[in-house]
Amino acid sequence: MSDGSVIAMQPIAYLRSPWVEKFGVPRQPGLIREAWGEVEFVEEFAKPEAREGLEGFSHLWVTFLFDRVPPDETRLRVRPPRLGGNDKIGVFATRSPFRPNRIGLSVCEIESVFPTLRLRGVDIVDGTPILDIRPYVSYVDSVPDAVAGFAPDPPLRVPVSINPMVSETWNAMDEEEQRLIEGMISLRPGPAYQTGSTRVYRARIGSREVAWAMGDEGAEVRELT
C-alpha cells in the first residue's frame with residue numbers, strides 16, 4: 001500500500017486436497033467435481049459451533065492465500081491461458097495468482113460439515129492457508145446474465161485415452177480417482193501456447209504420479225506410478 005501500512009491476517013485453516021503441486025490444478029473451481037478438499041481448522045476455530053448452520057447450504061466461498069507464488073512476482077499485466085498464453089492483459093482483468101495481494105477466491109460444493117468440513121470441486125493446492133469461509137447465497141452471488149469478457153464459455157476439453165501398458169493399473173483404481181485424473185488431463189494443463197506437437201507431462205495427484213502425452217487429437221495416459 002502507498003502509505004506503507006500493513007494489514008495482518010492469520011489463517012483460520014489449511015486445506016488438504018489431491019493437488020500436491022501447482023501443475024495440473026484446475027484453473028477454476030467446480031470444473032472437476034471429484035477434486036475433494038478437507039478443511040483442517042487451526043485450534044482456535046476447530047470447535048464445531050463455528051460451523052453450526054453451514055449444513056443448510058450447498059456451496060461456500062473459500063478465501064485463501066496463493067502462498068506458492070514468490071512475493072516479488074507481482075505483475076501489472078499477465079498472459080491468461082484462455083487468450084492462448086501469448087497475449088497480455090491487465091492483472092485485475094484476470095484471476096492470475098500474480099496479484100499485489102495473493103488472495104484467491106473459490107466457490108466449492110459442500111459434501112459434509114461434520115465431523116469434517118469436506119468440499120468438492122476444489123482448485124486449491126494441498127496445504128494452502130485458508131483466510132475465510134462463508135456460505136454461497138445464490139440470489140445475490142449468482143448473476144445469470146453477467147458478461148464474462150474474454151472467457152464467456154467453459155474451457156474446451158480434449159479426449160483422454162489409456163495406453164494398454166497401464167490399463168491394468170488403471171482398471172484397478174476406483175472410479176472417482178479415474179475421473180479425477182481424466183478430468184485434470186482433459187483440461188489441458190500446461191502452457192497454452194504449446195501446440196502442434198506431442199508433449200509428455202507429469203503431475204502428482206495425491207500419492208500417485210501420472211504421466212501423459214498431449215497431442216493435437218487428445219491425450220494419452222502413459223504412466224501411473
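## The second largest pocket

Twelve residues line the second largest pocket, and those nearest its centre are Ile7, Met9, Pro100, Asn101 and Ile103; a pocket here is an open set of points on a 1 Å grid where a 1.4 Å probe fits, with protein on both sides within 12 Å along at least five of seven lines, and lining residues have an atom within 4 Å of a point. The volume of this pocket is about 330 Å³, a volume being the space filled by probe spheres set on the points. Its lining comprises nine nonpolar, two polar and one charged residues.

## Basis of the model

The model is predicted, so that local features need pLDDT of at least 70 and side-chain atom pairs pLDDT 80 or more, while totals for chains, interfaces and linings use all residues. Residues are numbered from 1 along each chain, and side-chain values use heavy atoms, without hydrogens and water.

## The nonpolar patch

Ile7, Met9 and Ile103 make a nonpolar surface patch of about 320 Å², where patch residues have over 30% relative accessible area and no salt bridge, and nonpolar side chains are joined within 5 Å. Ile7 lies in the segment before strand S1 (13–16), and its relative accessibility is 64%, so Ile7 counts as exposed (over 50%; buried is under 20%, and partly exposed lies in between).

## Backbone features in two loops

Between strand S6 (103–112) and strand S7 (117–120) is the loop that holds Pro115, and the peptide bond from Phe114 to Pro115 is cis, with omega near 0°.

Arg188, in the loop between helix H3 (175–186) and strand S10 (199–205), is a residue other than glycine with a positive phi, near 55°.

How values were computed
Patches are made of residues with over 30% relative accessible area and no salt bridge: like charges are joined within 9 Å, nonpolar side chains (Val, Leu, Ile, Met, Phe, Trp, Tyr) within 5 Å. Accessible areas come from the Shrake-Rupley method with a 1.4 Å probe; for residues, only the protein chains shown count as cover. A salt bridge is a side-chain nitrogen of Lys or Arg within 4 Å of a carboxyl oxygen of Asp or Glu. Helices (H or I, at least four residues) and strands (E, at least two) are DSSP runs, numbered from the N terminus. Buried means under 20% relative accessible area, exposed over 50%, partly exposed in between (1.4 Å probe, protein chains only). Ala, Val, Leu, Ile, Met, Phe, Trp, Tyr, Cys and Pro count as nonpolar, Asp, Glu, Lys and Arg as charged, and the others, Gly among them, as polar.
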